[in-house]
Amino acid sequence: MALFHPFSCLALVFLHTLLSLLVISHQQPLLDPAESDAVFRVLNSVNPAVPWRTVFPDDDLCSSAPHGVVCDYFFDDNGDVPSSAHITELSFGFVSDYAPNPPCSSDSTIDPTLFTAFKFLRKLFFYKCFTNETRRVSLPADAVSPGFSSALEELVFIDNPALVGPLGSILRNYTNLRRVVLTGNGVYGEIPEGLGDDSVGLEELTLSRNQLSSRVPSSLSKLKSLRVLDLSHNHFDGYLPEALGNLTELLKLDLTSNGFSGKIPERLRNLQSLEFLDLSYNRFGNYGLPLFLAEMPRLREVHLSGNPLGGAIPEIWKNLGGVLGIGLSNTGLVGNIPASMGVHLRNLRYLGLDNNSLEGTVPVEFALLGTVSEINLENNNLSGRLPFSAKIGGKLKLGGNPELCVDERLGSGSLEKVKVCANKPVIPNATLFSASSNPLLAVPHALVFLGFLVCLGLINS
């Protein structure tokens, strides 16, 4: 009886698999010609200098398409055989060699076909495509088809200063968005009140570096799935709604460089998942550092610089051992620096306490901050001798504290602007406590020994 060689069996298995794949590939549907034509129209509007149809001549654009143009196959009710193919992702603008999306030209535009032809599009991404501010680009609000607005999940426009228009028009009618990133564009206006109702599944809302203004609506608190809220570098003002404390899934809250005022809302203590909090450079009032920070143990970065908060640094650090960065520069702080910061913040990488009115000495416990990269204490009223070794001294910024001094061994590098202490540190001489080197200390020991012998009756009186 003949036996098959093991390698023959493997060859048969490989051949069978290959034939199966060829059959499946042959069964895959082609992209609809109208949808394929729409892709080329959009590519041509982004960069008309590239002969896209020549570079990608394949009849089936789904099998051979530019990076950034993504197809998916959709199955029939039985789920066995794909019944149609559609474009699901369009990404434009060269990001890096690892994401070589179709490059945009200096005169890129947006073809209106983009918002009507792709009813299965889930992601739309533009990076540095609309940069010529003499040729402004806007997104059509009324020309968006219902299929497009209900399918889109990610809307991303990064660093497109020539992209202008009111935010309300850009976000109108989208009902399935999970991620909105509009950063570094020319978007203006207010956050629409209805955003909390229309996009309840939203997980990220990043609107940084635009021209947005007015107050933040309380209706944002309806976005219960929100994990990232970044409204930084805009012109928002007024009080921050207490209702933002209802966003309990939030991991990042960045509101830096706006005009928010009043008191930092107490209900932010409910954000127990929060890891990154940046409220820097606003106008939050003279209420001191928020004590509720002590109740947020998952925090990794806290930045409140540039707000006139005032008051002393409170003892809130015991449960914040995971914090990596603290920015409290120019916040009107007074009093001493708590030693507990050095005791509990063992993972700290950065601490900014500069440009305040802090006084007293630098806590010796700061020498425990072995992982720190920078401690900035410049322009305060600190005094006395710096109690550290040169190891941590090189990571300190201490200029602008005229009553502070360092030992000569630290008087270089980043500490060169700090004066050298006039007197050497007083270090106890260990030899003063050695009986072998000082006969006066041997006498009490001899007397104790003699007394011990008397007690035992070994010496007659």
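What is the torsion about the S-S bond of Cys-62 and Cys-71, and is the disulfide left-handed or right-handed? The torsion is about -70°, so the disulfide is left-handed.

Good morning. Before I continue, a word on the source. This is a predicted model, in which local features need pLDDT of at least 70 and side-chain atom pairs count only at pLDDT 80 or more, whereas totals for chains, interfaces and linings use all residues. Residues are numbered from 1 along each chain as its sequence is written, and side-chain values use heavy atoms, with hydrogens and water left out.

I begin with the disulfides. A disulfide is taken here as a pair of cysteine sulfur atoms within 2.5 Å, and a search of the whole structure returns 3 of them. With the bonded cysteines of the protein chain numbered in sequence order, the pairing reads 1-2, 3-4, 5-6.

In the pair of Cys-62 and Cys-71, the sulfur atoms are 2.1 Å apart. Buried means under 20% relative accessible area, exposed over 50%, and partly exposed in between, with a 1.4 Å probe and protein chains only. Cys-62 is buried at 18% relative accessibility, and Cys-71 is buried at 16%.

Next, Cys-104 is joined to Cys-129, with an S to S distance of 1.9 Å. This pair links distant parts of the chain, 25 residues apart: Cys-104 is in the loop between strand S2 (82–92) and strand S3 (123–127), and Cys-129 is in the loop between S3 and helix H4 (146–151). The helices (H or I, at least four residues) and strands (E, at least two) are DSSP runs, numbered from the N terminus. Cys-129 is buried, with a relative accessible area of 1%.

The sulfur atoms of Cys-405 and Cys-421 lie 2.0 Å apart in a further disulfide. The S-S torsion of Cys-405 and Cys-421 is about 90°, so this disulfide is right-handed. Cys-405 lies in strand S24 (residues 403–406) and Cys-421 in the loop between strand S25 (419–420) and helix H9 (439–455), so the pair ties together parts that are 16 residues apart in sequence. Cys-405 counts as buried at 12%, and Cys-421 is buried at 11%.

I turn to strand pairing, for which DSSP must find at least two bridges between two strands. Strand S7 (residues 186–189) and strand S9 (residues 211–214) run parallel and are joined by 2 bridges; in S9, Leu-212 is the bridge partner of Gly-189. S9 also pairs with strand S11 (residues 235–239) in the parallel sense, over 2 bridges, and Ser-214 stands opposite Phe-236 in S11.

Finally, the nonpolar core: a set of buried Ala, Val, Leu, Ile, Met, Phe, Trp, Tyr and Cys residues joined through side-chain atoms within 4.5 Å. The largest such core has 107 residues, of which Leu-124 and Phe-157 touch the most other members. Elements giving two or more residues to this core include helix H2 (33–46), strand S1 (69–75), S3 and S24. H2 gives the most, with 6 residues.
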